[in-house]
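Have a look at it first, and then we'll take it piece by piece.

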Amino acid sequence: MEIRSMHFVDRVRERLDDPELQRNLKRTRGRNAAARAASLGGLDDFDAVRARATEIRASVLRDLDLWLERFEREATARGATVLWAHDGDEACRLIIDIARRHDVRSVVKSKSMVSEEAGLNAALEAAGIRPVETDLGEYILQINDNEPPSHIIMPVIHKSREQVTELFARVHGTEPKTDIEALTREARERLRPAFLGADMGLSGGNFLVAETGSVAIVTNEGNGRLCTTMPRVHVALTGIEKVIPTLDDLATLLRILPRSATGQAISNYVSLLTGTKHDGDADGPAHMYFVLVDGGRADLVGSDFEPMLRCIRCGACMNHCPVYQTVGGHAYGWVYTGPMGSVLTPLFQGIGNARDLPQAATLCNQCGVVCPVSIPLPDLMRKLREKQVERGMRPWTERLAMRAWAWAAARPWAYSACARAAVRYLCWLAGGRASIPVMGLAPGWTSQRDFPAPAARTFRDMYARQRRGRAS
Amino acid sequence: MTSAPPGGRGEVGLFVTCLVDLMRPSVAFSSIRLLEAAGYTVVVPEAQTCCGQPGYNAGDTRSARTLARKVIREFERFDHVVVPSGSCAGMVRVHFPELFVDDPAWHARAGALAARTYELTQFLVDIAGMTQAPGGFSGSVAYHDSCAGLREMGVKRQPRLLIDSMPDVRRVELRECEECCGFGGLFSVKYPDISGAIVQRKCEHIHASGAYAVALGDLGCMMNIEGRLRRTGDGLTQVIHVAELLAGE
Amino acid sequence: MTSARDDILGRLRQRRPRDDAMRDATGEEIRRAIAHPERGPRPADAEDLVARFVERARAMTSSTDVCPDTGQVPARCAAWLRAMRLPLAVVVAPALADLDWRGAALSVRIGAAGRDDAVGVTPCFRAIAETGTLMLCSGPATPAVNSLLPQTHIAIVRSEHIVADMEAAWQAARAELTAWPRAVNFVSGPSRTADIEQTIVLGAHGPYRVHVLVVGT
């Protein structure tokens with residue numbers, strides 16, 4: 001997917017000015033957070049599960065090369081083929097090669113964020129292969145002129161039912177249906193033939209289990225099951241960081257993933273898929289491939305940003321992010337949105353291409369607190385800010401202001417003089433009022449709010465005077 | 001409330017913070033009153049300036065380290081360091097040690113100071129054992145949890161306990177009380193549109209609560225919320241620091 | 001192809017340098033971790049696994065029924081289908097072929113479900129009390145499609161197969177299955193979606209309803 005994160009500020013303005021989007025964001029705001037909170041009680045000890053989940057993911061990353069080799073060995077032994085790709089383009093080429101080898105004309109897809117990274121749909125179409133998104137949300141986006149998702153697990157959270165009604169009537173040529181159940185049925189009826197007729201099913205992978213060389217897929221709709229059961233060929237496309245050691249680890253992570261994502265104790269379907277159909281099996285693919293994509297992940301191993309690779313794509317960080325809840329996912333300009341996107345996008349797509357993302361955060365740490373694998377998201381955003389400073393990517397005004405402040409704050413006499421001057425200036429601006437409506441030095445502040453007027457003197461001056469008074 | 005004689009429980013170093021120094025000296029005076037009421041002798045080191053948080057959050061680690069060393073030198077002699085700001089206290093408690101991971105000597109000093117640094121209400125309740133706020137205030141009050149106080153320092157119960165001890169105060173809870181007010185330091189001037197939309201939601205929750213006053217523990221959030229209330233035509237709702245509320249007039 | 005593999009693994013190795021001895025030691029740790037899987041923290045076990053399973057399955061919008069012995073399974077299925085006004089035609093997994101389905105006045109086909117089958121009947125390898133989940137293993141006698149294509153899925157769960165949690169289910173699978181199944185499907189209630197306005201609709205792409213018959217209680 002082409003990155004547009006460099007236009008963040010303009011995209012934010014458009015979204016704040018979009019009353020329909022704001023209505024849609026408001027409708028769902030807080031609901032996932034509340035559902036998550038309500039579901040944690042079922043765990044007895046959330047902190048212990050979270051600590052274990054964190055350790056599972058961290059332990060694999062410590063020895064990722066060896067775990068990948070083990071996974072590959074097990075998967076191959078059970079009949080799958082494991083392929084590797086440096087980046088999204090290479091992944092697309094590999095998948096098109098597979099499709100050609102097996103004479104594939106149509107592909108049904110269940111959700112795969114890596115396929116969004118790679119821009120797989122466009123590549124398949126260019127190769128004359130028809131991709132059909134089958135997750136209801138992703139399907140809605142695909143028929144809406146390949147609109148990008150705005151949330152990693154609820155891709156059309158930015159849309160209203162009225163927008164879906166209009167879209168279905170226009171694209172399907174059917175009577176407009178306003179009922180959500182009827183809309184869902186209509187998509188089901190459209191997609192059933194696609195499942196039954198597709199030559200290839202493409203899935204993502206929530207986890208790769210080294211013990212059995214399997215991919216684990218978590219869905220509610222059942223489209224993941226259909227994509228991996230009906231077609232002759234199954235391709236699981238995912239990142240190299242998704243390995244976990246054992247089935248018991250899968251059990252632990254499944255306690256925390258659906259709860260963090262949607263507040264469910266478990267998702268409706270969890271499928272562990274291992275190799276190809278056996279002799280005598282009535283269903284299942286005859287060919288199974290894994291396409292494991294690096295896409296910037298390997299370079300994070302052993303770096304300050306390694307904790308980001310623990311991510312299990314639950315979306316809790318964005319569900320709890322005040323910025324995401326205000327601007328929606330499209331403002332972020334790439335596949336991943338919210339706090340995890342603000343860290344991943346610059347790391348995968350270049351720090352210079354997404355300068356605003358790590359800056360556009362209040363560092364409130366709601367994301368860090370809810371993350372089921374304890375990723376310190378605000379710390380990572382701060383480290384990205386450090387990188388921007390190191391590489392001279394910040395505007396000179398900001399650099400100058402920061403340097404001047406640091407210089408003065410390190411020298412009490414200079415600080416004291418500046419503070420005194422600032423108070424005098426602000427009091428003059430206030431002119432006796434309780435607050436300052438326009439301030440030339442901080443237009444950003446006063447575009448949105450008044451600046452409260454300070455007291456007439458700094459604390460240090462008042463305190464010194466008081467002490468002198470007591471002494472004399 | 002406390003049986004110790006005035007000043008009998010030892011010295012605390014008060015880290016005033018630069019925003020209080022500049023904008024709202026009464027917060028520091030209220031803090032001194034509260035700490036003295038709890039039986040402590042309050043010392044305000046004169047050369048103190050800023051904890052370095054603005055630079056730290058802007059990615060300027062070098063200057064953050066310089067200022068951190070200054071704070072450590074000035075405050076490490078105290079048994080307790082008290083800060084009337086969750087985010088500046090969080091800077092000392094959580095981030096100072098992180099700044100010196102590669103410098104064992106300073107890391108140890110930062111860690112030692114961090115362990116003795118408290119947000120004001122946290123110190124009053126958890127260390128001083130205060131159960132009754134000395135001040136008087138009358139009216140309904142909503143407490144806004146500032147992010148760093150809540151999530152870095154664990155301040156949640158303490159201010160509520162003290163507010164609830166005030167006989168003429170009726171405390172009300174804000175909806176989404178743990179959500180950020182949209183201040184975020186430089187974020188508020190770099191991304192004013194987003195910041196403004198977030199603080200607008202906070203103001204709506206304040207209005208919905210019917211509170212006469214909002215009390216909070218961080219100057220940044222205070223200026224943000226008060227500034228937005230005033231801008232949107234609310235000249236009535238009081239926005240006060242929790243120290244001012246608890247110390248009373 | 002191999003070059004991407006070797007390059008990626010090579011770079012990972014570079015970023016985490018180990019000498020031969022360390023590499024061997026880590027390899028040994030990995031072998032041990034897989035041979036002796038460590039269990040994470042689990043919620044306290046229920047005293048009555050069957051009751052817990054039934055409660056949680058209902059919470060996931062499965063319907064449940066109990067049946068004292070296997071011989072009565074076809075009749076109970078037929079009674080439920082009649083009560084629900086659903087078609088009395090079932091496609092039954094070969095593993096359950098021995099039951100007397102015709103004796104219950106059901107039109108029956110033994111085998112894998114196709115696009116037109118309305119009701120699929122499956123056995124269940126294990127069921128998980130913690131979440132009310134069915135664990136279905138694919139195989140010649142247990143096609144995966146029977147719990148997937150029909151609008152109605154009936155699962156026959158033997159009460160002694162109800163285990164506390166997924167860890168216990170995996171343990172049973174490791175111990176009992178001679179060939180590891182192509183697909184292990186954990187099913188917790190009917191298919192659902194909440195993609196449009198986060199409003200839950202049952203029957204997105206899979207079954208609209210899941211009926212669980214617990215046998216042997």
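## The sheet in chain A

Let's start with a sheet: six strands of chain A form an open one in the order β1-β10-β7-β4-β2-β3, and the pairing is parallel. At its edges sit β1 (80-85) and β3 (130-133) of chain A, each pairing on one side only. From one strand to the next, the twist averages 20°, with axes being lines fitted to C-alpha atoms and angles running from 0 to 180 degrees between N-to-C directions. Strands here are DSSP runs of E, at least two residues long, and helices are runs of H or I, at least four, both numbered from the N terminus. Two strands pair if DSSP finds at least two bridges between them.

Zooming in, β4 (residues 200-203) and β7 (residues 233-239) of chain A run parallel and are joined by four bridges. Here Ser203(A) stands opposite Ala236(A) in β7(A).

## What you're looking at

This is a predicted model: local features need pLDDT of at least 70, side-chain atom pairs count only at pLDDT 80 or more, and totals for chains, interfaces and linings use all residues. Residues are numbered from 1 along each chain as its sequence is written, chains are lettered from A and ligands numbered from 1 in the order in which they are written, and side-chain values use heavy atoms, leaving out hydrogens and water.

## One side of a helix

Which residues of helix α3 (residues 31-39) of chain A are buried? They are Asn32(A), Ala33(A), Arg36(A) and Ser39(A), where buried means under 20% relative accessible area (1.4 Å probe, protein chains only). These residues cover an arc of only 135° around the axis, so they lie on the same side of α3(A); the arc is that of the directions from the helix axis to the C-beta atoms. Their cover includes α2 (19-28), α4 (46-62) and α13 (247-262) of chain A.

## Nonpolar cores

A nonpolar core is a set of buried Ala, Val, Leu, Ile, Met, Phe, Trp, Tyr and Cys residues joined through side-chain atoms within 4.5 Å. In the largest, with 120 residues, Phe290(A) and Trp170(C) touch the most other members. Its largest share, eight residues, comes from α13(A). Apart from it lies another core of 100 residues, among them Cys50(B) and Phe96(B).

## Domains

Chain C is divided into domain 1 (2-35) and domain 2 (49-215), bounds that come from an automatic or database domain assignment. Their C-alpha centres lie 42 Å apart.

Conventions:
Buried < 20%, exposed > 50% of the residue type's maximum accessible area, 1.4 Å probe, protein only. Contact = heavy atoms within 4.5 Å.
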